[in-house]
Amino acid sequence: MIGTTCQPASSGSPDTAHPACHASPDGFLPPQQTKRPLRLTLNGHVTMPQPKPIGLVLPSVRFFVTVLGFSLGALASAASPPPMNVLLIVADDLRDALGCYGHLTVKTPHIDALARRGQRFDRTYVQYPVCGPSRTSFMTGWRPEQTRIMGNGTFFRDVIPDVVTLPQALRQAGWYTAGYGKVFHSAGDRQKWLDAAHSWDEAHEAVGIDDRPAFTAHRNLTGDKLKWCEWGITVGEGENQPDYLTASAAIAAIDRAGEKPWFIAAGFHRPHDPFFAPQQYFDLYPLASLTPHIDPPGLTAAPKLAFAPEMHEVFKQFTDQERREYLRAYYACTSFMDAQVGRVLDALDRRGLRDRTLVIFIGDNGFHLGEREWWNKVTLFEPSCRVPLIMAGPGVSQGSTTRGLTELVDLYPTILDYCGISPVQALAGTSLRPLLENPAGPGKAAAFSLVTRGTLVGRSVRTARWRYTEWDGGREGIELYDETADPGEYHDLSRDPAHAQTMTSLQALFAELPRYP
């Protein structure tokens, strides 16, 4: 079983340095978690839509009765298509470094093929850019302000015990639900953190494998200052690695699926650190072919809470060689993950289930690859907050792209919508069906992201043109970026009086959010 290693706040991985280990995912001290569970009163129950009765006056002649009986059966069959299956694929720490998103270096043929037969969302934003809070948010349909999960060290049902998760809602409605790999974040008892008792008919992470596979080459890029910041070329083809086993489990579930509708989730660990992958995937990226990002001159300095300072200082010491090695390892892990996605999609096609399955591919949070000399997540900049989202299936136009604003919290209501299930609790997001039916639509007016720095909160709102960020209500800094003129977010306009009214309007959007803390 994959283990969880506790590291000091200054050197631990942003996912292993969680509050249970006395550090937060961002290198800052964690906020105090709510000790008293916040219980919900849930009214109503899940009901499957029933066909409306058809009243007919039939002749008494048996022939006509027989013929009309067959006709009614055909009409009922045509009016009631089989319930939708759902395949949810989650990649850990994946930014838009995919061929289908215009990244010409990274080799992701299987995800690219999925995008060609579905819809690519170009502006989807995560509600908290780190694993635990993000997954809790999109799997419950609530914003982090509602879940109160702000780190990786708290199991969500210890805070919101009565919440109905996405797979739980489908399970209650009659779907078979199975989750494999990293779907929910885990930091302890795996079956508990997977929410096996409530959400799944079957759930497990990869077991019976070694966290430290044999390597043909291996290096920590920081001289062990950051224990997680390492790459390794593993022996073999990857059959003993968690993502391969996760794909195998999902394939087996698809192969044994009967006529009962199902929801299967496959959570892949890569390209999350440590950056381990077989030789063939590293070979795709010769070091000399890679060009690390370099910030332009005149970059506006970020507020002090934007990054964890000790970790940032380590990244600033990277040489050009180390930056190239980091890129190669991240890309290699992305291509290895893509190969596992391909295996799962091939199983779907082999069973002939493409026409009755909604396939959703997402990253749980974005990731910096050198922007502002940061090589991680947990920031309120575009590389950290924006994630890939691809959907394919019945009713989704093939090869389409939408630039409408969307959020990961929209996944829950979208899936219920396509499955014909009524929600049993209020949801923070909205169904993406309008954008799936009309990719040229505007999407949301705004998307919101949040991070915490100890007891302080940073909030960011993204509109079609602007990103506006406040740290501790503005007391620790304000940022404003024109995403049309400055998509790299290099020039902070918050001190320009010409944009005062814009900032006032953007600040007012925060009033839409639940109160926190």
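What you have is a predicted model, so local features need pLDDT of at least 70 and side-chain atom pairs count only at pLDDT 80 or more, while totals for chains, interfaces and linings use all residues. Residues are numbered from 1 along each chain as its sequence is written, and side-chain values use heavy atoms, with hydrogens and water left out.

On a 1 Å grid over the protein atoms alone, a cavity is a set of points where a 1.4 Å probe fits but cannot get out; a pocket is an open set with protein on both sides within 12 Å along at least five of seven lines, and lining residues have an atom within 4 Å of a point. Points are joined across faces, edges and corners, and the volume is the space filled by probe spheres set on them. Searching the whole structure turns up two cavities of 30 Å³ or more.

The largest cavity holds about 70 Å³. Its lining includes G132, T136, F155, F156 and W193, and the tally by class is five nonpolar, six polar and no charged residues. Here Ala, Val, Leu, Ile, Met, Phe, Trp, Tyr, Cys and Pro are nonpolar, Asp, Glu, Lys and Arg are charged, and the others, Gly among them, are polar.

The second largest cavity, at about 50 Å³, has a lining of four nonpolar, two polar and four charged residues. Among them are D295, E371, R372, G488 and E489. Domain 1 (85-454 + 456-461) and domain 2 (463-512) each give at least three residues to this lining; the domain bounds come from an automatic or database domain assignment.

Now for an open space. The second largest pocket has a volume of about 400 Å³. Of its 21 lining residues, E382, R386, E483, P487 and G488 are the closest to its centre. Strand 2 (119-125), helix 12 (382-385) and strand 10 (386-392) are the elements giving two or more residues to the lining; helices (H or I, at least four residues) and strands (E, at least two) are DSSP runs numbered from the N terminus. By class, the pocket lining has seven nonpolar, three polar and eleven charged residues. Because domain 1 and domain 2 both contribute to the lining, this pocket lies between them.

Finally, the cysteines. There are zero disulfides (pairs of cysteine sulfur atoms within 2.5 Å). C131 counts as buried because its relative accessibility is 0%, and C385 is buried too, also at 0%. Buried means under 20% relative accessible area, exposed over 50%, and partly exposed in between (1.4 Å probe, protein chains only).
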